[in-house]
Amino acid sequence: MTQDEVVQAFNAIRVWHNGDRRAVHKPLLVLLALSRVNASAPQTIDWNDAEPLLKELLEEFGPDGSASTRHYPFWHLQTDGLWQLAGPAYILNRPAGSAPTLTELRQNHVHGGFPLAIYSALKADSELIATIAQRIVEAHFPESIRQDVLDAVGLAGAESPTSSGDPQRRRNPAFRTKVLLAYQYRCAVCGHDLRMGQQSIGLEAAHIKWFQAHGADEVPNGIAMCSLHHKVFDLGAFKILPETYQMVFSQHLNGSEAASQRMLAYHGCGMILPQAKEYLPHSANLDWHAKQVFKNPARPD
Ligand SMILES: [Zn+2]
């Protein structure tokens with residue numbers, strides 16, 4: 001297979017997106033499999049070895065509860081022509097719609113991996129692996145956590161700063177400026193507003209509903225945050241309640257006392273509001289973030 005054919009095969013994957021809901025199962029399995037090829041692992045992996053890795057990735061980077069369906073992509077990726085299974089015929093011959101259960105996959109040691117032609121092409125070309133991995137993280141995760149996703153799957157070197165992005169949809173460069181102005185150039189969580197001359201340091205415009213989920217480049221879908229709060233917001237460590245704009249933190253966030261207390265001091269507090277009502281975050285965007293990104297359970301009041 002040529003480079004282009006391999007890239008095409010990955011571009012053609014069905015259901016990368018499921019409407020507004022984040023569909024990260026296939027992307028995370030593909031990234032995991034790419035990482036294995038990169039590390040010269042065999043063509044296929046036993047479900048029993050893949051399962052704990054996928055579970056952890058979905059818990060960390062998927063919507064809340066998505067890890068319970070961690071076996072779906074191991075089966076459904078076949079339909080995209082990107083995945084081959086090895087195992088007993090009574091499982092392999094099932095119709096595409098009837099995925100085996102977790103137990104069936106475990107007990108039968110079903111193996112899965114890229115088809116040989118794709119595996120061989122990737123194995124011979126680590127740059128191709130990096131290109132495909134880069135496209136996948138760009139399509140599914142905001143910039144603040146892309147490197148974390150690549151690190152977690154073991155493709156730490158794959159992020160390239162010169163990547164082209166999605167040619168179909170360009171970000172609006174005015175978004176950042178408008179959001180920062182709306183919040184008077186300070187973090188809506190902690191008030192951070194450090195500058196060098198006129199230049200803000202470590203201040204970013206966070207999308208509430210991710211750009212990757214077709215969130216709009218409009219001020220009511222943005223909040224000014226320092227880079228630390230932006231990152232933990234994108235990882236689902238806290239959500240913002242519509243109407244009261246209170247910040248509610250996840251029980252999954254922890255650390256040494258000093259570090260976590262500094263962060264958790266904002267639990268239950270109202271965020272710093274923008275300077276005009278029209279800039280307030282829309283509740284539909286906050287709801288999307290609470291459902292698709294925030295990691296339940298929330299800490300008690
Ligand atoms: Zn902050």
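## Two domains

Domain bounds come from an automatic or database domain assignment, and in this predicted model the assignment of the protein chain gives domain 1 (3-158) and domain 2 (174-292). The C-alpha centres of domain 1 and domain 2 lie 31 Å apart.

Where the two domains touch, the contact takes 10 residues from domain 1 and 11 residues from domain 2. On the side of domain 1 that touches domain 2, the elements that give two or more residues are α8 (126-140) and α9 (143-153), and the residues of this side divide into five nonpolar, two polar and three charged.

## The largest nonpolar core

The largest nonpolar core has 64 residues, and those with the most contacts inside it are Leu34, Ala133, Ala224 and Met225. Helix α2 (residues 25-38) gives the most to this core, contributing seven residues, while at least three residues of the core are drawn from each of domain 1 (3-158) and domain 2 (174-292).

Strand β7 (residues 222-226) is mostly covered, with five of its five residues buried.

If its neighbours within four places in sequence are left aside, Met225 is in contact with Cys187, Ala188, Val189, Glu204, Ala206, His230 and Phe233.

Note on methods. Residues are numbered from 1 along each chain as its sequence is written. This is a predicted model: local features need pLDDT of at least 70, side-chain atom pairs count only at pLDDT 80 or more; totals for chains, interfaces and linings use all residues. A nonpolar core is a set of buried Ala, Val, Leu, Ile, Met, Phe, Trp, Tyr and Cys residues joined through C-beta atoms within 7 Å. A residue is buried if 20 or more other C-beta atoms lie within 10 Å of its own, exposed if 12 or fewer, and partly exposed in between; C-beta atoms are placed from the backbone. Helices (H or I, at least four residues) and strands (E, at least two) are DSSP runs, numbered from the N terminus. Two residues are in contact if their C-beta atoms, placed from the backbone, lie within 7 Å. Ala, Val, Leu, Ile, Met, Phe, Trp, Tyr, Cys and Pro count as nonpolar, Asp, Glu, Lys and Arg as charged, and the others, Gly among them, as polar.
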